[in-house]
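Try each task before reading its solution.

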Amino acid sequence: MAPSTSSAITLNINGEKYTLPVDHRTTLLDALREHLDLTGTKKGCDHGQCGACTVLLDGRRAVSCLQLAVAAEGRAITTIEGVADGERLHPVQQAFLDFDGYQCGYCTPGQICSALGVIEEHAAGWPSAVTADVRPEAGAPPLTPEEIRERMSGNLCRCGAYVSIVEAVARAAETQRTGVTENPAAEDSATEPRAAGAEAGAKEVAA
Ligand code: FES
Ligand code: FES
């Protein structure tokens, strides 16, 4: 008898358990989008090149187009649908709104999941390729725009919203670190372009 090419698997997604039959070749991205209707995670290149499909696996960033669904069993999977706390946006989501960190929004779920990973990695003291002093005793480097650009470099944005994305990640990291939420729309003219973020409240973060 030919070996079976499909199995029933149980995935832990955003704290909920989903049991589904999948062909063993099904990627996690396709399982999310095509089997579970969790379409917030986007398919861009389907080749691990663009970051649109980024999710968190056990809190670490992963491109779901390069993960087999069967290999994700037993992992804690976080998708963009699980980032907010009910109606309350996560500080990273709020920062993307406040700073207009998107245009069409297609890359945004992946950018936000990646930003969540970046902030955690940085807080844990992980160096990046542009960190000058990588000795463990040096601790986490300042999360400068250069550091953010490098750490977010796996997430492409065809709209070119990079300047605002970097600002959003910087603000979100600061909010997470201090617990203080600032409203950029209320700041002085030095951040005037971000005042347009007030209008972004009418837009939806792509989900
Ligand atoms: S769709 Fe996965 S990296 Fe592009
Ligand atoms: S906002 Fe359009 S691709 Fe990034």
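Helices (H or I, at least four residues) and strands (E, at least two) are DSSP runs, numbered from the N terminus. This is a predicted model, in which local features need pLDDT of at least 70, side-chain atom pairs count only at pLDDT 80 or more, and totals for chains, interfaces and linings use all residues. Residues are numbered from 1 along each chain as its sequence is written, while chains are lettered from A and ligands numbered from 1 in the order in which they are written.

**Exercise 1. Find how many helices and strands the protein has, and the pattern they follow.**

Start with the count: there are seven helices and five strands. Then read along the sequence, which gives β-β-α-β-β-β-α-α-α-α-α-α.

**Exercise 2. Work out the strand order of the open sheet.**

Two strands pair if DSSP finds at least two bridges between them.

- Step 1: The order of the five strands is E2-E1-E5-E3-E4, with mixed pairing. The edge strands, each pairing on one side only, are E2 and E4 (60-63).

**Exercise 3. Describe how H2 (residues 91-98) and H5 (residues 162-178) cross.**

Axes are lines fitted to C-alpha atoms, for helices over the stretch in contact, and angles run from 0 to 180 degrees between N-to-C directions.

- Step 1: The two axes come within 8 Å and cross at roughly 140°.
- Step 2: Angles under 35 degrees count as roughly parallel, over 145 as roughly antiparallel, 65 to 115 as roughly perpendicular and the rest as oblique. H2 and H5 are therefore oblique to each other.
- Step 3: For the contact (C-beta atoms, placed from the backbone, within 7 Å), H2 supplies Pro91, Val92, Ala95 and Phe96, and H5 supplies Ala168, Arg171, Ala172, Thr175 and Gln176.

Technical notes:
Contact = placed C-beta atoms within 7 Å.
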